[in-house]
Amino acid sequence: MEAELAALAATTGTTLVTLLATDTWNSMREGMVVLWRRARPDRAEDVGAELDAARAELLAVRDASDLRTEAETRDEIRAEWQGRVRRLLHAHPEVAEDLRALLAETAPAATASPTPPATTQQATASGEARIYQAGRDLHLDQR
């Protein structure tokens, strides 16, 4: 059970950081606050403010156009929230199902890719060599 909760916390941290600068952020933020309100009502509002601060920090770094710093900031925020969620789940395992539901609701937005990844292919042939390249399906009928 502990490994499962740790994996759930890791997924949450990653999803949270992925969504920080997206339109789905508000759903994730509100879901996290509701989760904390259920388990630790005394901390719910603070958690909302801390999530807002994490988002503001990441957006400020992004605006500065420093890719290395942005990656480091993402890693730091991810690790921080993974730890927080892991500790919450350890103390209140009853919220695990609510957290899974929140991730199911928001994760498609975290993994959605608006444009397909770029594919670059290069080949060199000499003599009577043949080269076949495809970005996807390739069907050949040679005899």
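So, pLDDT is the predictor's confidence in each residue, from 0 to 100. The chain here averages 85, and 90% of the residues score at least 70. This is a predicted model, where local features need pLDDT of at least 70, side-chain atom pairs count only at pLDDT 80 or more, and totals for chains, interfaces and linings use all residues. Residues are numbered from 1 along each chain as its sequence is written, and side-chain values use heavy atoms, with hydrogens and water left out.

Now the layout. We've got five helices and zero strands; those are DSSP runs, H or I for helices of at least four residues, E for strands of at least two, numbered from the N terminus.

Rings of Phe, Tyr and Trp (its six-membered ring) pair if their centres lie within 6.5 Å; planes under 30 degrees apart are stacked, over 60 edge-to-face, the rest tilted. W36 and W81 have ring centres 6.0 Å apart and planes at 85°, so they're edge-to-face. W36 is in helix α2 and W81 in helix α4, residues 67–91, putting the two 45 residues apart.
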